[in-house]
Amino acid sequence: MSKQKQNRRDFLKTSAAAAAGASIPFWFNLDPASAYKFKAANDRPVVGCIGTGSRWNAVGPNAMKYGDVIAVCDVDSAHADKAHDKVRDIQGKKGNNKEVAVFEDYRKILDNPEIDIVTIVTTDHWHTKIAIEAMKAGKDVYCEKPLTLTIDEGKQIIKTLKETGRVFQVGTQQRSEMGQRFLNALGVIKEGRLGDITEVECVIGGIDPSGSIPVAEVPKTLNWEKWLGQAPMTDYRWKTGGDGRPKTRCHYEFRWWYEYSGGKMTDWGAHHVDIAQWGIGMDHSGPTQVVPISAVHPVPLKDGMPTKDDAYNVASNFEVQCTFPNDVKMKIKSDGRNGILFTGTKGRMFVSRGDLTGKPVEDLKDNPLASDTIKKLYKGRQPGDHMRNFFECVDAREQPISDVMTHHRAITTCHLANIAIRLNRSLKWDPQTEQIIGDDEANQWQSREQRKGYETNA
């Protein structure tokens with residue numbers, strides 16, 4: 001181990017020891033820029049960014065607080081060029097004026113031995129293939145949620161993670177940030193202030209149907225065939241909606257097509273179902289039954305598959321009830337106030353990105369959480385910055401707060417909910433074997449056909 005590497009590790013151990021002795025009060029906040037710094041500038045990890053669309057504008061700059069970006073990649077050259085300029089600007093202000101490579105093919109980043117870490121901020125249907133290849137190439141990974149498009153993809157990622165020993169953070173920032181409201185809510189539950197949890201409700205919103213979207217010319221900057229990747233070849237579609245926003249099969253709006261994502265069920269479910277399962281102690285398990293109460297799709301389905309290809313096809317409204325091995329019932333629904341409502345034998349508590357309310361929360365003013373409750377939930381580290389947690393764990397060779405195993409369990413619940421509403425029937429699930437019981441057809445929905453040339457090899 002180099003002297004510089006040893007110094008950095010000693011520094012982090014000292015910082016961690018200091019944090020361990022500190023009291024973490026209710027509504028704890030931390031200045032992320034002051035919490036994690038390297039002893040030597042040339043000892044900072046080297047980062048490559050795969051996918052540089054709108055969401056990258058938050059992920060990329062956060063990564064540059066703790067590492068140096070030397071390459072960006074996107075199948076849309078307009079995105080890649082903007083990212084290049086942003087990296088040069090941010091790093092140049094810090095005295096780092098190295099050139100930043102720009103690629104269309106993500107494998108150019110994986111082939112570079114100088115790169116230690118990759119951020120993956122692509123469409124959902126590309127996450128798994130890139131993440132697996134990145135780990136096999138010896139890279140640590142920060143990947144945006146939802147991590148997978150299918151249940152089997154999560155199993156493949158976990159298999160590769162165990163084989164390679166890489167560090168992997170999923171971008172479910174509610175575990176770290178948002179004023180620590182979610183962590184404080186979990187602290188209330190952990191200390192027994194809600195009693196035994198009996199029910200939980202996750203409200204995650206629906207979508208507005210798009211109506212028919214016409215075939216359009218592919219933008220000159222976009223490699224549409226590579227953007228589609230494993231998904232079936234189809235026409236590019238685009239129009240301007242009544243609200244002035246684009247309706248398309250592509251950037252951002254990919255979330256509303258089953259070919260590339262899972263709609264709000266996985267887009268917001270990746271956040272709220274994750275916190276809910278953590279709260280009820282089922283973050284390493286899953287439901288035993290998933291019952292579709294209602295669902296509305298903007299296009300007709302036949303055997304669970306959309307019958308039209310010119311409009312958003314994920315569920316626009318839905319309600320699903322899941323029952324867990326500890327008999328807790330969880331509703332996942334589109335309508336209502338966005339957030340999570342926990343009901344226990346001693347009261348109720350609502351938490352969202354803007355609120356944390358309920359009698360047990362009010363009691364915290366006079367009887368705050370124990371000083372170590374949040375730190376224990378956060379694996380012994382201080383919360384406040386999801387990206388910092390990742391880089392700390394890269395250095396310590398530990399899995400971070402949003403690890404693959406728990407994310408896989410939460411997003412599996414979301415995938416099962418989507419299977420249930422698409423097939424319009426209840427499912428029985430064995431969370432130990434991770435199989436649907438007594439329904440061979442539904443079990444086949446754990447995976448999907450992949451277009452030739454873009455298969456995932458775990």
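Two salt bridges link domain 1 and domain 2; the term means a side-chain nitrogen of Lys or Arg within 4 Å of a carboxyl oxygen of Asp or Glu. Lys145 forms a salt bridge with Asp267. The closest N and O atoms there are 2.9 Å apart.

A word on the source. This is a predicted model, where local features need pLDDT of at least 70, side-chain atom pairs count only at pLDDT 80 or more, and totals for chains, interfaces and linings use all residues. Residues are numbered from 1 along each chain as its sequence is written, and side-chain values use heavy atoms, with hydrogens and water left out.

Now the domains. Domain 1 covers 38-175, and domain 2 covers 181-209 + 252-379 + 404-445. Those bounds come from an automatic or database domain assignment. The centres, taken over C-alpha atoms, are 27 Å apart. Contact means heavy atoms within 4.5 Å. Domain 1 gives 23 residues to it, domain 2 gives 32.

How much area is buried between domain 1 and domain 2? About 2400 Å², with 62% from carbon and sulfur atoms. That is the accessible area (1.4 Å probe) that two parts lose on being put together, summed over both. On the domain 1 side, Ile151, Gln174 and Arg175 supply 38% of the area buried against domain 2, more than any other three residues.

Polar contacts next. There are 9 residue pairs in polar contact between the domains, both residues at pLDDT 80 or more. The criterion is a pair of N or O atoms within 3.5 Å; within protein, one must be able to donate a hydrogen and the other to accept it, and residues adjacent in sequence count only if both atoms are side-chain atoms.

Which elements of domain 1 give two or more residues to the side that touches domain 2? Helix H6 (124-136), helix H7 (151-164) and strand S6 (168-171). Helices (H or I, at least four residues) and strands (E, at least two) are DSSP runs, numbered from the N terminus. H7 gives the largest share, 6 residues.

On to the sheet. It is open, with 9 strands and mixed pairing, in the order S17-S16-S15-S7-S14-S13-S10-S18-S19. Strands pair if DSSP finds at least two bridges between them. S17 (356-357) and S19 (435-436) stand at the edges with a single partner strand each, so one side of each has no neighbour in the sheet.

S10 (289-296) and S13 (317-323) pair antiparallel over 7 bridges. Pro292 has Val320 as its bridge partner in S13. S10 also pairs antiparallel with S18 (427-430), over 2 bridges. There, Gln289 stands opposite Lys428.
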